[in-house]
Amino acid sequence: MNPSYDPAKPHHRPQGFQNVHTEFTPKSLADVLRWRWDASRRGLPPPPQAPIPRLAPDLDFLHRNARAAARMQPTVTWVGHATVMAQLGGLTLLTDPIFSERASPVSFLGPKRQQPPGILARDLPHVDLVLASHNHYDHLDEASVDALNRQSGGPPLFVVPLGLKSWLAGRGVRHAVELDWWQSHLLQAPAGDVEVMLVPAQHWSARGLTDRMTTLWGGFAVFAPDCHLFYAGDTGYSRDFTDMRARFAPRQRPEQGGGFDIALLPIGAYEPRWFMATQHVNAQEAVKIHRDLGAKQSLGVHWGTFELTDEPLDEPPKALAAQRRAQGLSEDEFFVMAIGETRVLRPR
Ligand code: ZN
Ligand code: ZN
């Protein structure tokens, strides 16, 4: 049963949730076996041709910037996979924190981390806010949630989709808010109010075989005075992003500073397409999302860290570069970073 079930909402089901524009049917066991068998027969994914770029994090700057509160410069730092540390509005936030060795329910099996995190959890500035997009193991990592909940200076606020607050409570997390799509939570931050909104994504959820799509999934729009940040979570391509642009147009007019200053968009885990297209975009579709949203800049994430699918770990940025050339986009408009690298953004 879905305890939040509201028959008036098109994405609600008595047993869970569904996407708005494309009905998602979890893949059958036969399809999963066909994919895995095919991948192992063909030796997929091939190993990367070059190491994934890394940079030592500028911890001095990040900590000074965190302490600057209202005078903070907006930044994004790639920790790895979909984990980004963003500083905006005087707050330090993390998207989908995973610092563990594996994206799996057990420590001895499942996708293994191919590079250490760009910043270790213990080296982070105090984290004020954690945005968890859904409960897949590469996005909601129990050990990382636990470590953040016990950070010195008090736990961050965890913002999660419907159904995940009780999962957090079961792990001792009390400072949490759960949201439905288009619902917001307002935080009083050093530079003024920051609004955090859960938005739709074309995806699904599960931690086991019997809980598929019983808790909600999504992305986040964060509206701070100095930065509008978008994080897509995991998503296939859908009309959700043009819906968002229309909905946010009244607060993102040119004289108000325009569209999202930075969009964190997934560019990896897309092969084979017959299996992945309804849940993960490829680079071409990520560029479409960037354009649909009208984002000023996008950062490609969800690659280079865990081998989840059939493409080589270092292919997504090459595919993105090819799409930039094909679609007339500059590198500054849709870029990737080294693990551990920080980029300072222009404030709105
Ligand atoms: Zn996922
Ligand atoms: Zn994922």
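**Close-up views of a predicted model**

View 1. Around the zinc ion (ligand 1), the four donor atoms subtend angles of 92 to 165°, which makes the arrangement irregular (four donors are tetrahedral if all angles lie between 85 and 135 degrees; four are square planar and six octahedral if opposite donors are over 155 degrees apart and all others between 65 and 115; anything else is irregular). This is a predicted model, in which local features need pLDDT of at least 70 and side-chain atom pairs count only at pLDDT 80 or more, while totals for chains, interfaces and linings use all residues. Residues are numbered from 1 along each chain as its sequence is written, chains are lettered from A and ligands numbered from 1 in the order in which they are written, and side-chain values use heavy atoms, with hydrogens and water left out. His 134 (NE2), His 136 (ND1), His 203 (NE2) and Asp 234 (OD) coordinate the zinc ion (ligand 1) at 2.1 to 2.3 Å (donors are N, O and S atoms within 2.8 Å of the metal, or 3.2 Å for Na, K and Ca; water is not among the atoms, so sites may look incomplete). Along the sequence, these donor residues follow the spacing H-x1-H-x66-H-x30-D. Asp 234 also bridges to the zinc ion (ligand 2), and the two zinc ions lie 3.8 Å apart. His 134 and His 136 are both buried (under 20% relative accessible area, with exposed over 50% and partly exposed in between, for a 1.4 Å probe and protein chains only).

**View 2. The largest pocket has 32 lining residues.** Its space comes to about 1000 Å³ (on a 1 Å grid over the protein atoms alone, a pocket is an open set of points with protein on both sides within 12 Å along at least five of seven lines, a cavity is a set where a 1.4 Å probe fits but cannot get out, and lining residues have an atom within 4 Å of a point; points are joined across faces, edges and corners, and a volume is the space filled by probe spheres set on them).

**View 3. Phe 230 and Phe 260 form a tilted aromatic pair.** The structure has eleven aromatic pairs (rings of Phe, Tyr and Trp, the last by its six-membered ring, with centres within 6.5 Å; planes under 30 degrees apart are stacked, over 60 edge-to-face and the rest tilted). In the pair of Phe 230 and Phe 260, the centres are 5.3 Å apart, with 55° between the planes.

**View 4. The structure holds one cavity of 30 Å³ or more.** The largest cavity contains about 90 Å³ of space, and 14 residues line it, with Ala 269, Phe 306, Thr 309, Glu 311 and Leu 313 nearest its centre.
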